[in-house]
Amino acid sequence: MVEENLSPADISRNLKTDFIGKKVIAYPSLSSTNDIAKSEAKKGAREGTVILAEEQTAGRGRLKRAWLSPKGSIALSIILHPTPAQLPSLIMVASLAVAHCIEKVSGLETQIKWPNDVLIKGKKACGILIESDVRGSAVDYAVIGIGINVNLLPADFPEIAATATSLAQELGREISRREMIRCLLVEAEKLYLALPEGDSVFREWRDRLVTLGKEVELISGKTSYKGVAESVANDGSLLLRQPDGNLIKIVAGDVSLRQ
Ligand code: ATP
């Protein structure tokens with residue numbers, strides 16, 4: 001692997017953002033960047049603070065699933081203070097930022113699988129975990145956790161070999177994690193700041209979803225729903241047309257989707 005461990009200055013120097021990535025805290029190894037981001041947020045870290053790790057030893061996905069994040073991955077979390085109305089849009093901000101930057105930095109095409117997996121040629125290249133602390137009607141903080149398979153080869157990891165891909169695998173060469181991370185922070189800030197201006201972020205996210213129009217199965221605990229993923233609402237939920245014609249609304253966050 002050519003790239004050295006990244007320092008906060010490598011990321012922040014001349015970064016074209018107003019607040020995201022102005023402060024970066026970098027670790028060689030962490031259990032989970034989201035856990036440290038949450039504890040920094042509780043201690044009053046300023047909005048836009050980024051927690052970065054060269055590897056995670058206990059990375060988590062949604063529904064407490066394990067997220068594999070060895071050296072060569074990108075593992076970072078961004079602390080934000082959204083309004084309650086903006087909270088559901090963070091999955092859109094995060095998945096679009098990743099999709100834009102994979103395309104910009106590597107030239108590879110991406111697809112978004114509802115609600116927020118970023119795929120390359122149908123295989124998972126990125127996982128996103130949004131966690132937040134909501135008190136009454138106020139959001140204390142939200143944390144966007146992003147894991148991207150950059151310079152690792154999924155074939156080396158039997159648990160994900162069949163379902164995952166990485167940028168290095170698709171390109172046949174390594175790419176700069178520094179460049180990817182700096183792109184992500186700029187894009188995430190642009191998209192986040194666009195939220196109050198209308199529904200452009202929602203529309204782009206909706207239009208990029210590969211899930212719409214497809215037969216899917218949604219699994220929530222012991223219950224599963226089958227049908228056609230007809231559309232999405234601007235709070236991020238999925239509208240599923242069941243075989244009996246009923247349209248049901250499934251909230252992102254507590255379900256797993258198979259297509
Ligand atoms: P799914 O992708 O199965 O629909 P999900 O979107 O809820 O579920 P996430 O929370 O995004 O899943 O990620 C956890 C899942 O991703 C794990 O169950 C595992 O199968 C898979 N996984 C773990 N590490 C990686 C990785 N580095 N690359 C790709 N997939 C991974």
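With which residue does Asp-199 form a salt bridge, and how far apart are the closest N and O atoms? The partner of Asp-199 is Arg-203, and the closest N and O atoms lie 2.9 Å apart. A salt bridge here is a side-chain nitrogen of Lys or Arg within 4 Å of a carboxyl oxygen of Asp or Glu. The model is predicted: local features need pLDDT of at least 70, side-chain atom pairs count only at pLDDT 80 or more, and totals for chains, interfaces and linings use all residues. Residues are numbered from 1 along each chain as its sequence is written, and side-chain values use heavy atoms, with hydrogens and water left out.

Both members of this pair are partly exposed, Asp-199 at 36% relative accessibility and Arg-203 at 38%; buried means under 20% relative accessible area, exposed over 50%, and partly exposed in between (1.4 Å probe, protein chains only). Elsewhere, salt bridges that share partners join Asp-35, Lys-38, Arg-60 and Glu-131 into one network.

The structure holds 18 salt bridges. One of them brings together the side chains of Arg-60 and Asp-35, at 2.3 Å from N to O. This pair links distant parts of the chain, 25 residues apart: Arg-60 sits in the loop between strand 2 (50-53) and strand 3 (74-80), and Asp-35 in helix 2 (residues 33-42). Helices (H or I, at least four residues) and strands (E, at least two) are DSSP runs, numbered from the N terminus. Arg-60 is partly exposed at 28%, as is Asp-35 at 31%. A further salt bridge joins Glu-40 and Lys-43, with 3.5 Å between the closest N and O atoms. In that pair, Glu-40 is buried, at 16% relative accessible area, whereas Lys-43 is exposed, at 64%.

The chain is divided into domain 1 (8-207) and domain 2 (211-257), with bounds from an automatic or database domain assignment. The largest nonpolar core has 64 residues, and Leu-76, Val-98, Trp-114, Ile-148, Met-180, Trp-205 and Leu-218 have the most contacts inside it. Such a core is a set of buried Ala, Val, Leu, Ile, Met, Phe, Trp, Tyr and Cys residues joined through side-chain atoms within 4.5 Å. Helix 3 (residues 90-106) provides the largest share of this core, 12 residues. Leaving aside residues up to four places away in sequence, Trp-205 touches Ile-91, Trp-114, Val-232 and Gly-236, among others.

The centres of the two domains, taken over C-alpha atoms, are separated by 24 Å. In contact (heavy atoms within 4.5 Å) are 13 residues of domain 1 and 18 residues of domain 2. The area buried between the domains is about 1,200 Å², of which carbon and sulfur atoms give 65%; this is the accessible area (1.4 Å probe) that two parts lose on being put together, summed over both. Arg-62, Trp-114 and Phe-202 supply 50% of the area that domain 1 buries against domain 2, more than any other three residues.

Which charged links cross this interface? The rule finds 0 salt bridges between domain 1 and domain 2. On the domain 1 side, the elements giving two or more residues are helix 3, strand 4 (111-113) and helix 6 (200-208). Helix 6 gives the most, with 3 residues.
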